[in-house]
Amino acid sequence: QMSDEERRFQERIDEGVRIEARDWMPEAYRKTLVRQISQHAHSEVVGMLPEGNWITRAPSLKRKAILMAKVQDEAGHGLYLYSAAETLGVGRDKLVDDLLSGKAKYSSIFNYPTLNWADIGMIGWLVDGSAIINQIPLCRCSYGPYARAMVRVCKEESFHQRQGYDLLLQMCLHGTPEQKAMVQDSINRWWWPALMMFGPSDADSTNSAQSMQWKIKLFSNDELRQKMVDQTVPQAEYLGLTIPDPDLRWNEERGHYDFGEIDWEEFWAVIKGNGPCNRERLQARVQAHENGAWFRDALDAHAQKQEGVRKVA
Ligand code: ACO
């Protein structure tokens, strides 16, 4: 049973009115947004780790400069998103604590290792490519601060995807047979985890119905996953790569590619903390947080001192 306030809120959403931080909102709407935006922020931050791993080993100055810029962009995305979450009345400290204690989720994809240089291109092409497909609609989601943060994030993500595809083009079309084989090995490992980024199948997606009613989500997990497959297969063909799915084929009738069943057991295992790198990723974040303690303390001390100066004056 909806209260009058809730009914009016839903009418505004249905009319396409953007909800802003000071507007009245149902507590559950606020909670859903805090959950999704903070998971998204954590994903950006943890997402720096697999790629950061290759900065010191980039094969040229140009590739190193691109990779550093890209990893820094991800840090920036995390910051915009934590700020967007803070507009909902939750403190960043609390969100970060939830990440570090293992309570909060972040994207499953970042629990896989980067084993060769082609993985850096693969993350740009498949992972950032999937992120864009998921995030373009979020630019039109009902919550203003999240939608606006997404506009800039999406622009930067498309640069990330292009650099990834460019790297792979170089290896596949102009590289040695060994380099081409490295790319094939990489797509064999990243294809399925990239499809998992879109979340559980619609039937198992507990949050979808409510989030779609509130226009936090505009498309379902399966719709976006299909879009990713349809868009990516021709790009893989251009690179001369084989997608590791024997069931993948064009379905003339549907006007879409059919594809095989995702290994959902693997998906849930990774989400529950048992993927190949979950422990390593969290440990790296905990360590970084501890290493930054002196700096946060110094900022606090400085702020207090300034406060004192102002009071005296
Ligand atoms: N990795 C980790 N957890 C996931 C994933 C995933 N790939 N997919 C779904 N989940 C979690 C959900 O967070 C939810 O858990 P919770 O209820 O405890 O929070 C549970 O699995 C069930 O899934 P859904 O009901 O489908 O959840 P939701 O409606 O939130 O949809 C989705 C999931 C599509 C990821 C959505 O949250 C979203 O669009 N988020 C914003 C984008 C984002 O976070 N991108 C991060 C990766 S991209 C990048 O950073 C480069």
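**Exercises: core, rings and surface**

Ile37 is in contact (heavy atoms within 4.5 Å) with Leu81, Ala84, Ala85, Leu88, Tyr143 and Tyr146, leaving aside its neighbours within four places in sequence. This is a predicted model: local features need pLDDT of at least 70, side-chain atom pairs count only at pLDDT 80 or more, and totals for chains, interfaces and linings use all residues. Residues are numbered from 1 along each chain as its sequence is written, and side-chain values use heavy atoms, with hydrogens and water left out.

**Exercise 1.** Find which residues touch the most other members of the largest nonpolar core.

*Solution.* Start with the term. A nonpolar core is a set of buried Ala, Val, Leu, Ile, Met, Phe, Trp, Tyr and Cys residues joined through side-chain atoms within 4.5 Å. Buried means under 20% relative accessible area, exposed over 50%, partly exposed in between (1.4 Å probe, protein chains only). The largest core has 79 residues, and Tyr29, Ile37, Trp125, Leu126, Tyr143, Tyr146 and Trp191 touch the most other members. Helix α7 (residues 144–173) gives the largest share of this core, 10 residues. Helices here are DSSP runs (H or I, at least four residues), numbered from the N terminus.

**Exercise 2.** List the buried residues of helix α5 (residues 92–100), then find what covers them.

*Solution.* First, the buried residues are Leu95, Val96, Asp98, Leu99 and Leu100. Next, their cover includes α2 (27–46), α4 (61–86) and α12 (278–291). Last, look past the helix: Gly102 follows α5, and its phi is positive, near 85 degrees.

**Exercise 3.** Classify the ring pair of Trp294 and Phe295.

*Solution.* Rings of Phe, Tyr and Trp (its six-membered ring) pair if their centres lie within 6.5 Å; planes under 30 degrees apart count as stacked, over 60 as edge-to-face and the rest as tilted. The structure holds 10 aromatic pairs. In the pair of Trp294 and Phe295, the centres are 5.6 Å apart and the planes stand at 80 degrees, so the pair is edge-to-face. Now check exposure. Trp294 is exposed, at 62% relative accessible area. Phe295 is partly exposed, at 46%. Phe295 sits in helix α13 (residues 293–312). Elsewhere, ring pairs link Phe9, Trp24, Tyr29 and Trp214 into a cluster.

Conventions
Helices (H or I, at least four residues) and strands (E, at least two) are DSSP runs, numbered from the N terminus.
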